[in-house]
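Me: Hey, can you walk me through this structure? I'd like to start with how the parts are arranged.
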Amino acid sequence: MIGCVPTPPVTAPSTDPSADATGLAPYDAVLLFSFGGPDGPDDVLPFLRNVTAGKNIPDERLAEVAEHYHHFGGRSPINAQNLALRQALEDELRRRGLDVPVVWGNRNWAPYTRDALAEARARGAHRLVALVTSAYSSYSGCRQYRENLWTALDEEGADGAPLVVDKVRSYFNHPGFVQANVDAVVEAFGALPAGTAWPRLVFVTHSIPDTMQDASQVAGASYQDQHLDVARTVAAAASERLGHAVEWDLAYCSRSGPPSQPWLEPDVNDHLEALAAAGTTSVVLSPIGFVSDHMEVAFDLDTEALETARGLGMTAVRADSVGVREPFVRGLVDLLLERAAIARADDAGAPRPPEQTVGDLPAFRSVCVPGCCRMRDGVDSGRPAACSTDPWS
Ligand SMILES: CC1=C(CCC(=O)O)c2cc3nc(cc4[nH]c(cc5[nH]c(cc1n2)c(C)c5CCC(=O)O)c(CCC(=O)O)c4C)C(CCC(=O)O)=C3C
Ligand SMILES: [Fe+2]
């Protein structure tokens, strides 16, 4: 009936690829691969030392970040969130008749990557597919995970045949991730108190050093451009759902280098001040740079940025990150199946299947090119990394 046509979903309904009998073959386990976080006050300092080893982070910044964790009882929400995601993935895999274990490992805290690989081996796995809990490509969200994985594979496989691990592409422009963000933004608009002025939508992500931003372009589109692509797509879909044009910006949080080192700007707090000065009285913050409401969201946004907004007399609501929202979890399982179909095509020397995307950018590579996401423009981090065609891997 004309006039009752529902808004087309961002996710194009697809035939369920798991209907194909090959399922996740050649993979026999899934690695949920994350950052890690402290489980109690005694973990905070050793965790921070793990994260910042070899990094140029001033001591004052470390002390300040330790305080963020202690403010929440010395415990990051990230581990419980990863357990919930693992459960949601297992449930969705079972729902589709895909019976493979999901093991969980972190770069910076227990359970470590190496332990997860050992668990997968104990459960009979030989070849794993890894899902990184970072949707975007840069040294921090791609290569650093692959370097850690290379080391963990080397250590875990020291006494026998190493496991093989392939990685799902950076999935910022996968329909499931985008759809879950659209849903969260639309809900956040609905959560503003009645009578609030039409808000500005401020997308937020983790700041990175300008040098890392420059280096990220090797992957095809820079870290910043990946976010701008998602922001545009989410804002357009949200405008359509809300029946009103949404004006948006991209701002950054969690900068941590020395002040002399340029990082991506504007900082979300500075940006809120600029918006207030220009007459904006209400905002929705959408943390598109993060997949769960971990410490960077709980502290930098919910504690700091919302406080800044209140101090400026603004009405502010934070949209959820994608977490275990259904379109996101479904999308991750679609990505696992997509990666398996790519592996089968590559193994057979056959053409790869099409990959689903939304927005203006193409699907990112499943196997990174040499030097992908290297730390500094023109200079490799000098460490071998898994899941790439680097000559040493
Ligand atoms: C792009 C990006 C993501 C998103 C992609 C992804 O999710 O991977 C991310 C996520 C996270 N970052 C996290 C925590 C920290 N990040 C730090 C430091 C840094 N992050 C960076 C970038 C990113 N970080 C960078 C360029 C640095 C400087 C040092 C370096 O070059 O690596 C530091 C050191 C102290 C500080 O200076 O803040 C901490 C404690 C947690 C855990 C939260 C929890 O515990 O709940 C998570 C999920
Ligand atoms: Fe990469």
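Me: How many Å separate the centres of domain 1 and domain 2?
Reply: The centres of domain 1 and domain 2, taken over C-alpha atoms, are 25 Å apart. Domain 1 covers 17–171 + 324–348 and domain 2 covers 175–318, with bounds that come from an automatic or database domain assignment. This is a predicted model, where local features need pLDDT of at least 70, side-chain atom pairs count only at pLDDT 80 or more, and totals for chains, interfaces and linings use all residues. Residues are numbered from 1 along each chain as its sequence is written, while chains are lettered from A and ligands numbered from 1 in the order in which they are written.

Me: How many residues of domain 1 are in contact with domain 2?
Reply: 28 residues of domain 1 are in contact with 25 residues of domain 2. Two residues are in contact if their C-beta atoms, placed from the backbone, lie within 7 Å.

Me: And which helix gives the largest share on the domain 1 side?
Reply: That's α11, with 6 residues. Helices here are DSSP runs (H or I, at least four residues), and strands are runs of E, at least two, both numbered from the N terminus. On that side of domain 1, 13 residues are nonpolar, 11 polar and 4 charged. Nonpolar means Ala, Val, Leu, Ile, Met, Phe, Trp, Tyr, Cys and Pro, charged means Asp, Glu, Lys and Arg, and the others, Gly among them, are polar.

Me: Switching to ligand 1: which residues are closest?
Reply: G37, S76, S256, H294 and M295 are the closest of the 25 residues that surround ligand 1. To be in that shell, a residue needs its C-beta atom, placed from the backbone, within 6 Å of the ligand.

Me: Which domain does the shell draw on, domain 1 or domain 2?
Reply: Both, with at least three residues from each. α1 gives the most, 3 residues. The shell has 9 nonpolar, 13 polar and 3 charged residues.

Me: New topic, where is P111 found?
Reply: P111 sits in the loop between β2 (102–106) and α4 (113–122).

Me: What does P111 touch?
Reply: Leaving out residues up to four places away in sequence, P111 touches W104, G105, N106 and A116.

Me: Last one, how many helices and strands does the chain have?
Reply: The chain has 11 helices and 8 strands.
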